[in-house]
Amino acid sequence: MDLKTKNELKEMDTEITDLPIIDLRKCSGCNKCIIACDHNALELIDINKERNKHGFFAWKKLKAVIKYPINCIGCKACYSVCKHKAIKFKN
Ligand code: SF4
Ligand code: SF4
């Protein structure tokens, strides 16, 4: 029997799922997609965090990113709630 390692299985799952593609230029950081995702696949991050750490004057710039692609089931709930059309899918 062809036994696959856990990592190989994870890679296969990621390839199979049609993951959301988030356009960070369009994302307003409104958090709606994170709330809509029942699978904890997305996260809101501050892309200015590093700059702030080094003493630059910069305000928080929140953007949605895929944190756990393995959790995504391709339900497109995130796409449905995004008013800024920042989320796309290949198919
Ligand atoms: S719903 Fe759209 S605009 Fe709001 S955080 Fe998600 S991707 Fe960004
Ligand atoms: S497609 Fe569904 S599971 Fe995947 S990130 Fe969007 S809401 Fe979450």
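**Close-up views of a predicted model**

**View 1. Asn 48 and its surroundings.** Asn 48 is partly exposed, because 16 C-beta neighbours lie inside 10 Å. Here a residue is buried if 20 or more other C-beta atoms lie within 10 Å of its own, exposed if 12 or fewer, and partly exposed in between, with C-beta atoms placed from the backbone. This is a predicted model, in which local features need pLDDT of at least 70 and side-chain atom pairs count only at pLDDT 80 or more, while totals for chains, interfaces and linings use all residues. Residues are numbered from 1 along each chain as its sequence is written, and chains are lettered from A and ligands numbered from 1 in the order in which they are written. You will find Asn 48 in the loop between β2 and α3 (49-53); helices (H or I, at least four residues) and strands (E, at least two) are DSSP runs, numbered from the N terminus. Leaving aside residues up to four places away in sequence, Asn 48 touches Ala 58, Trp 59, Lys 60 and Lys 61; such a contact has the two C-beta atoms, placed from the backbone, within 7 Å. From Asn 48 to Trp 59 there are 11 residues in sequence and 6.9 Å in space, C-alpha to C-alpha.

**View 2. The whole protein chain, for orientation.** How many helices and strands does the protein chain have? There are 4 helices and 4 strands, and from the N terminus on they run α-β-α-β-α-β-α-β. The protein chain has 91 residues, and buried residues make up 14% of them. Take the contacts between residues at least 6 apart in sequence: 71% of these join residues at least 24 apart.

**View 3. The shell around ligand 1.** Ligand 1 is surrounded by 14 residues, the closest being Cys 27, Cys 30, Cys 33, Ala 64 and Cys 82. To count as near, a residue has its C-beta atom, placed from the backbone, within 6 Å of the molecule or strand. The shell of ligand 1 holds 9 nonpolar, 4 polar and 1 charged residues. In this grouping, Ala, Val, Leu, Ile, Met, Phe, Trp, Tyr, Cys and Pro are nonpolar, Asp, Glu, Lys and Arg are charged, and the others, Gly among them, are polar.

**View 4. The shell around ligand 2.** Which residues are closest to ligand 2? They are Cys 37, Cys 72, Cys 75, Ala 77 and Cys 78, from a surrounding set of 13 residues. This shell divides into 10 nonpolar, 2 polar and 1 charged.

**View 5. Leu 42 in strand β2.** Leu 42 belongs to strand β2, which covers residues 42-46. Is Leu 42 buried or exposed? Leu 42 is buried, because 23 other C-beta atoms lie within 10 Å. Beyond residues up to four places away in sequence, Leu 42 touches Cys 33, Ile 34, Cys 37, Ala 64, Ile 66, Lys 67 and Cys 78. Asn 31 is 11 residues away along the chain, and its C-alpha atom is 9.6 Å from that of Leu 42.

**View 6. Lys 63 in strand β3.** Lys 63 is part of strand β3. This residue is partly exposed, because 19 C-beta neighbours are inside 10 Å. Apart from residues up to four places away in sequence, Lys 63 touches Leu 24, Cys 27, Gly 29, Ile 45 and Ile 47. Between Lys 63 and Asp 23 there are 40 residues in sequence, with a C-alpha to C-alpha distance of 9.3 Å.

**View 7. Two positive phi angles in loops.** Most residues other than glycine have a negative phi. Asn 40 has a positive phi near 55° and sits in the loop between α2 (32-36) and β2. Asn 40 counts as exposed, because 11 C-beta neighbours are inside 10 Å. Lys 76, also not a glycine, has a positive phi of about 70°. Lys 76 lies in the loop between β3 (62-66) and α4 (77-81) and is partly exposed, with 14 other C-beta atoms within 10 Å.

**View 8. Lys 83 in a loop.** Where is Lys 83? Its place is in the loop between α4 and β4 (87-88). With 8 C-beta neighbours inside 10 Å, Lys 83 is exposed. Lys 83 and Cys 30 are 53 residues apart in sequence, and their C-alpha atoms are 9.3 Å apart in space.
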